[in-house]
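Me: Can you walk me through this model? I'd like loops, sheets and helix packing, in that order.

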Amino acid sequence: MTTPLSTKDILAQLQSTADGPLTRATSAHPQLYRDAGIAALEHDRIWAQDWLCPGMAAEIPKPGDYITYTIGDDPVFITRGQDGTIRTFSNICRHRMMVMLQGSGNAGKVVCPYHAWTYDLQGNLRGAGHMERSDGFDKKDHCLPQIRTEVWQGWIYITLNQDAAPVADNLAALNPLVDQFKLDHYIPVSTQDHLWDTNWKLLTENFMESYHLPTAHKATLGGWLPLDTVEFPDEVHDAFTFQIFEKLPDSTYGVAHKDNTHLQGRWRHTSVMPTVFPSHMYVLAPDHCWYLSLRPHGVGQVHVRFGVAIAPEVHAEFEGPERDAWMADLNHFFDHVNEEDRTVVEGIYAGSGAGLAAPGNLSWLEREIHDFQKYLSGRLAG
């Protein structure tokens, strides 16, 4: 039976394997994914400090378009203003703390559904009926708190930390890889939100390694990826990791469209798969991009935001019913991929609660898990 550890001892085990070489690295102690003390540290040292990605800028293309998100316990909404600037605000009314917007949509103003306090797209309070008898009440004193927001390579990033280094600085080393795909021109075609019964770190680790693809994804994409083509960064980065892999030229997805003229040679069938710590990960392929953005929902559940965007030349290939049919096939494919992943990450979480569960050695194909352990150790054990 595995001996239960204190939060301090769990972090000591994490730090020990993170500080060692990959050749001797193991998976984390099972309690890293179940301990309430670890979750509390993550709340304070990760979710309240680091940059999080609620989605793509192209998902809110018009003034008034918005998406909702949460940072830890804080509901927020991200909207494009009349000036085209993307901003993020607290989604809590300044009157009685009502959550205002739900899901996504378009709104020229934000109206609280409780007492109709009304805010513009810059967060200013514009309407507050029947407040004339409240001494000293001034709408200027009741603006929505604005959240720091930056856009990099078409991705929206937000943080509560006013002192965090700019996203562009954190991810500068990714620019040469991402630039060549022209990701900011990709067109979003699907966004879904799910709640899975697992710990967020297990899903992050699952996404960033290719070792499981031939087995867990044998019915979908597992046969398209020769594992001997996988490459990793030469150095460890604090804010991200990635892998590069090639697809077989006859793969259904993951190869350049005939009208793509900016990718040459191997890059016409090569994908980049970055993980931006703590919880934004995506596969950037010549013809499409699909991403996950994760948020913990307690210790044993994770809110999964999943999105797909396609290259503009692929989008232009089809019109009308033909495009609808093609999109239906694409969505069905990725739904199948997600269900394959859900099966394994929920299974791992169930297994992590067993008395006989224990860390196992990592493969060289799990290099990014070791990078993630270094990130977690630096945030939680440092």
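**Loops, strands and packing**

Me: Where does glutamine 153 lie?

Reply: Glutamine 153 lies in the loop between strand E9 (146-152) and strand E10 (155-159). Helices (H or I, at least four residues) and strands (E, at least two) are DSSP runs, numbered from the N terminus.

Me: And what should I know about the model itself?

Reply: It is a predicted model, where local features need pLDDT of at least 70, side-chain atom pairs count only at pLDDT 80 or more, and totals for chains, interfaces and linings use all residues. Residues are numbered from 1 along each chain as its sequence is written, and side-chain values use heavy atoms, with hydrogens and water left out.

Me: Back to glutamine 153. What is its phi?

Reply: Positive, about 55 degrees, although glutamine 153 is not a glycine.

Me: Does it count as buried or exposed?

Reply: Glutamine 153 counts as buried, at 16% relative accessibility. Buried means under 20% relative accessible area, exposed over 50%, and partly exposed in between (1.4 Å probe, protein chains only).

Me: Which loop holds methionine 97?

Reply: The one between strand E4 (86-90) and E5. Methionine 97 also has a positive phi, about 70 degrees, and is not a glycine. Its relative accessible area is 68%, so methionine 97 is exposed.

Me: Which strands does E2 join?

Reply: Three bridges link E2 to strand E5 (residues 104-106), antiparallel. Six bridges link E2 to strand E3 (residues 74-80), antiparallel too. Two strands pair if DSSP finds at least two bridges between them.

Me: What stands opposite what?

Reply: Isoleucine 67 faces serine 104 in E5. Threonine 70 faces proline 75 in E3.

Me: What about the hairpin of E2 and E3?

Reply: It has two residues between the strands, and glycine 72 takes a positive phi near 60 degrees there.

Me: Next topic. What is the order of the strands in the open sheet?

Reply: E11-E16-E15-E14-E13-E12, six strands with antiparallel pairing. The edge strands, each pairing on one side only, are E11 (187-196) and E12 (240-246). Neighbouring strands are turned by 15 degrees against each other on average, direction ignored. For such angles, axes are lines fitted to C-alpha atoms, for helices over the stretch in contact, and angles run from 0 to 180 degrees between N-to-C directions.

Me: What packs on the sheet?

Reply: Helix H8 (residues 320-352), touching E11, E15 and E16. The direction of H8 makes about 30 degrees with that of E11. Contact means heavy atoms within 4.5 Å.

Me: How many bridges pair E15 and E16?

Reply: Nine, antiparallel, between E15 (residues 288-296) and E16 (residues 302-310). Cysteine 289 stands opposite alanine 309 in E16.

Me: And E12, how many of its residues are buried?

Reply: Six of seven, so E12 is largely enclosed by the rest of the structure. E12 pairs with strand E13 (residues 270-276) over seven bridges, antiparallel. The bridge partner of glutamate 246 is threonine 270 in E13.

Me: What joins phenylalanine 277 and proline 278?

Reply: A cis peptide bond, with omega about 10 degrees. Proline 278 is in the loop between E13 and strand E14 (280-284). Phe277 is also among the contacts of aspartate 371, with Val236 and Thr241, leaving aside neighbours within four places in sequence.

Me: Where is aspartate 371, then?

Reply: In helix H9 (residues 367-381). Aspartate 371 counts as buried, at 3% relative accessibility.

Me: Last one: at what angle do H5 and H8 pack?

Reply: About 130 degrees, with the axes 9 Å apart. That makes H5 oblique to H8. Under 35 degrees counts as roughly parallel, over 145 as roughly antiparallel, 65 to 115 as roughly perpendicular, and the rest as oblique.

Me: Which residues make the contact?

Reply: Leu202, Leu203 and Asn206 of H5, and Asp341, Val344, Val345, Ile348 and Tyr349 of H8.

Me: And glutamate 205, buried or exposed?

Reply: Glutamate 205 is buried, with a relative accessible area of 8%. It lies in H5 (residues 200-207). Beyond neighbours within four places in sequence, glutamate 205 is in contact with Tyr33, Ile369 and Phe372.
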